[in-house]
Amino acid sequence: MRSLQSDIEQRGARIFELVDKHPERFFSKAGFYQRLMALSMHDERFKTQLFQFVAVLPSLHRSSEIIQHLEEYFSDGNDGFHPLVSLGVRVARLVPWMSAAALRWNVSETARQFIAGRNPHDVIATLRKRRAQKIGFTVDVLGEAVVSEAEADEYAARYADLLDKLARETKNWTDPLGKSAELFPVLNLSVKISALYSQMSPAAPADAITHLCSKLRPLLRRARELGAFINFDMESYALKNTTLELFKTTLTEAEFKDWPHAGIVIQAYLRDSEHDLRDLIEWGRARGTRFAVRLVKGAYWDYETTKSGQNGSNPPVFLQKPESDANFEELTRVLFENEAIVTAAFGSHNVRSIAHAQAVADELRVDRSRFEFQLLYGMAGPIKRALVEMGYRVREYCPIGELLPGMAYLVRRLLENTSNEGFLRAKFAENVPAKELLRDPKELIKPAVARIAGSNQKNGASLRAAAGDIFRNAPLVSFIYKDSQDKMQSALREVRKRFGEKHSLYIGGEKVWTDHLTPSVNPTEPTEIVGYGTDAGVDEAERAVKAARAAFEKWRWTPFEERAQLLERAADIMERRRYELSAVEVFEVGKPWSEADADIREAIDFCRFYAQQMRRLGRPKLTQQVPGEESYHHYWPRGVAFVIAPWNFPIAILCGMASAGVVTGNAVIMKPSEQSIICGAMLMQVFEEAGVPPGVLNFLSGHGSVVGAHLVDHKDVDLVAFTGSREVGLKIWESAGITRPGQRELKRVICEMGGKNAMIVDTDADLDETIMYSIYSAFGFQGQKCSALSRLILLEENYDRVMERLIPAAASLRIGNPEQPGIMVGPVIDEAAYRRILEYIEIGKKEATLAFQAKEVPPHGYFIPPTIFTDVKPHMRIAREEIFGPVLSVMKVRDLDEALEVANGTDYALTGGFFSRSPDNIERVKARLEAGNVYINRSCTGAIVGRHPFGGFKMSGSGTKAGGEDYLLHFLVPRVVTENTSRHGFAPEQSPEYRDEFLWPKPRR
Ligand SMILES: Cc1cc2nc3c(=O)[nH]c(=O)nc-3n(C[C@H](O)[C@H](O)[C@H](O)COP(=O)(O)OP(=O)(O)OC[C@H]3O[C@@H](n4cnc5c(N)ncnc54)[C@H](O)[C@@H]3O)c2cc1C
């Protein structure tokens, strides 16, 4: 008996033989475009520029714009161009209109290579040609990201229309193989669920499924009437579980339970794909009706690895290409072994994968008419022909749509074709020998080269960090997993049971109570009291200062390593209590799940990052290497630090300021906001459990006007760290500047205040990204972030295009109780905020034009409907004053100069953003936008500790950067100790670069 490997080799060799009869045009050396592709394969930087240029081209409207972008993209920074394009660029300068037209034509031609037609009418001509070649089809509608329900409805209608039109056109078409035709309807449509619902949240599969089922039912019903087949395509990992669940849910409904013509995709590059496939098969058996699976490797490998790298989590995909190949083979076998219930389709261009499927089918006696090979339109033409010649069923995946919405797809294909790891490049561009291409992938897997999350050089490492000094952010909780969803639900139930608990002050290591308790209510349902905080008065404030002062005298001499370890223990405790702490935030401040989780992640990061930074700063450092003298620069803590935090990041900001104070050797009194006392009390519990010594961290809840004011003015308070409103911040700044009788130190104030953040949208911006990120930045957590977007500045040329999509996107937002997963807009913090924001909305109605206001918000609780004003001018109050709610002002400007002038024309400079694909304009905005944190082509909120040190200037703050390398310096005073080490001219040869701390008595080792 022949071994499987030799069988695969023979089949592979046969395919190659047939393939070589018809060489692949795409990889030929002829033609301008082919040459560019060849160049891309040998120059990664050029490839990136080229693909980025291709992606922006369809959104450029004028010839001059096209030529300008061409120059910007291909300028290599040394005032030269890549030799191949330099001629083109020179010609373009002389005859821009002609060159622009030629470029557009070239890119459309390329797109046409991968996109089967612009509309159903167009595509039918292609399908007819393929029919003559005995190749079947599945049709997919290309699309932009769906940002609103109006767009999702449009897609549903396009799918329905396509189905009807193709049904009419292909009415009399028969199966090309003429055998097992009942398994393979001629008319086959591939759908993407992301096109059908705009508010998909991985945390809320039930919500997505309810919406999607109602969109899909009519489509499935119609497909069934027409005898068509519907395939559920698979997209990014975040949507995978929802797609699988949706597939099972709809097809178990009575109406579709016995319908065999639906299929789903399994991506073999996913580590959990075998589990998913077996689960589907089990489901199929229970359902009792055949279904189909298209096995692919997966089209989002780069995306998944980048996303995971950014989040510091383990990628869901295999990291070695042969692992994906080997898993594809494993799953091929699983599919054939279960042929009785599942019809297999293999979506691959890899001859080894294809030959393996053929060989296993024969081994398991599955007739070749009972499965099919699927390949993409415009790719691997010779392989399709070869398979048809060998008597296999072949179906082509035919995307249809316009060039602009098709860009993301086109770029994915270009990447796939030029990928270093890809089969097509190896075979057709690099002529790797057949024997090599047909090797068993299992043999090619290298042992344990697993890339651990965050260790990727692209992330985690600060550029200036010494080796081994790499900071890794804690990953966000992935609510994709049911386990995480369940844990969050259960934490919410548990925290709810503790509603009404009373929390004491914590002074000098003791719990302290007073006669006054303040209730903290749930802003979603203000009749619910989440808990009570104890009100401190002046007496308790005095007691806290004494306790802190006493503790400071010991704590300041505690080795920094011990202090750093305290923070790390606190981080570990927060990690352990993560869901519980998030749940408290959901109830006390109305944070949606993912926002609450991000807050806890930030608190954890602050602790670990500041611990690491303290280790860097803690050791006295030699200033210069000179003979006979040692001069060490080092730091002392300032004394007693008073921390005043806001409610909007109720654990993270409080923790950030307090932990910075503690780790630097100060003694800290922390005062949470009156609206988030329970969150503050939770943080105190964490530090208590971590073993903070008595008096080093004191918890003083109470009224800002009483204890806050008293402590800011206190002679024994050496430092005030404040984050909050401009009004209070400026008062603190002023008051702390007055030296009181008996005061020892000049008071240091760290003052972080608000923003009136602007984002500018360039004429060439990617509108999918612009809308998605603008909506999130303006309305996420109800706009109650100091970093939130409040002024969207649109260039007049782009104005209508953006507004056309922005308003429906805002109208689609999920507003409601943040206890429910997937809610984007919850209540604002309290009645005062509620009234203030409504007043601003009234002001806005008088000053500008109310372009949008959400119609439905829950009747109870402090819900403000997301609101958009247009015709806003820079002098208006809604354009100048911080509103701190879900209100967005849209401003129209002539050009980028005016946009920058408007953006910079406020008192604030906190965050700011720019959407553009013009390298020159991006550079200009990077250089000129007045903001402490400038974000390009992304949201302007969501700073990550260590990665995006956060804080602004002008009236946004005193220029400090929380989560940055220099933050701890504000809590320290620098000191230099110099010793003459020479004795009678004799001196040690060298002084060590660092020495241990100046501690006395020396700590015991
Ligand atoms: C008809 C059809 C339908 C498709 N539908 C979908 C779909 O619904 N969803 C979807 O995601 N994809 C889909 N694809 C795309 C498909 O996933 C890619 O075309 C395919 O992965 C390319 O694989 P290959 O076997 O042709 O090529 P090969 O060159 O053998 O494999 C390339 C693939 O290997 C994987 N890979 C690359 N580098 C690594 C690495 N370092 N470690 C691990 N794995 C790596 C990636 O998945 C990459 O795409 C479909 C493809 C076809 C032909």
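Analyst: Helix pairs up close

Let's start with α29 and α30, which pass each other in a right-handed crossing. Keep in mind that this is a predicted model. Helix α29 covers residues 767-779 and helix α30 covers residues 796-811; their axes come within 10 Å, with a crossing angle of roughly 50 degrees. That angle makes α29 oblique to α30. On the α29 side, the contact is built from L767, D768, I771, S774, I775 and F779. Facing them from α30 are N798, R801, V802, R805, L806, A809 and A810. Sorted by class, the contact of α29 with α30 has eight nonpolar, two polar and three charged residues.

Next up are α9 and α10. Helix α9 takes in residues 205-226 and helix α10 takes in residues 240-252, and their axes come within 10 Å while crossing at roughly 50 degrees. So α9 is oblique to α10. The way α9 passes α10 is right-handed. What does α9 bring to the contact? It brings P205, A208, I209, L212, C213, L216 and L220. From α10 come T242, E245, L246, T249 and T250. By class, that gives eight nonpolar, three polar and one charged residues in the contact of α9 with α10.

Now for α3 and α16. Here the axes of helix α3 (residues 44-56) and helix α16 (residues 407-418) come within 10 Å, and they cross at roughly 160 degrees. Angles over 145 degrees count as roughly antiparallel, and α3 and α16 are therefore roughly antiparallel to each other. Their crossing is right-handed. In α3, K47, F51, V54 and A55 do the touching, and they meet M407, L410, V411, L414, L415 and T418 in α16. The residues of this α3 and α16 contact split into eight nonpolar, one polar and one charged. K47 is the charged residue and T418 is the polar one.

On to the ligand. There are 30 residues around it, and G298, S324, S348, E416 and F423 come nearest. How far is a nitrogen atom of the ligand from a polar backbone atom of M234? The distance is 2.8 Å. An oxygen atom of the ligand sits 2.6 Å from a polar backbone atom of G298. With K321 the side chain is involved: one of its N or O atoms is 2.9 Å from an oxygen atom of the ligand.

W1000 and P1001 are joined by a cis peptide bond, with omega at about -5 degrees. You'll find P1001 in the segment after β30 (972-980). The other spot is F884, a residue other than glycine that has a positive phi, near 60 degrees. F884 is in the loop between α32 (877-880) and β25 (887-893).

Terms used: Residues numbered from 1 in each chain as written. Predicted model: local features only at pLDDT ≥ 70, side-chain atom pairs only at ≥ 80, totals over all residues. Heavy atoms only, no water. Axes fitted to C-alpha atoms, helices over the stretch in contact; angles between N-to-C directions. Helix = DSSP H or I, 4+ residues; strand = E, 2+ residues; numbered from the N terminus. Parallel < 35°, antiparallel > 145°, perpendicular 65-115°, else oblique. Left-handed = near helix turned anticlockwise from the far one by under 90°. Contact = heavy atoms within 4.5 Å. Near = heavy atom within 4 Å. Polar contact = N/O pair within 3.5 Å; in protein donor to acceptor, adjacent residues only side chain to side chain.
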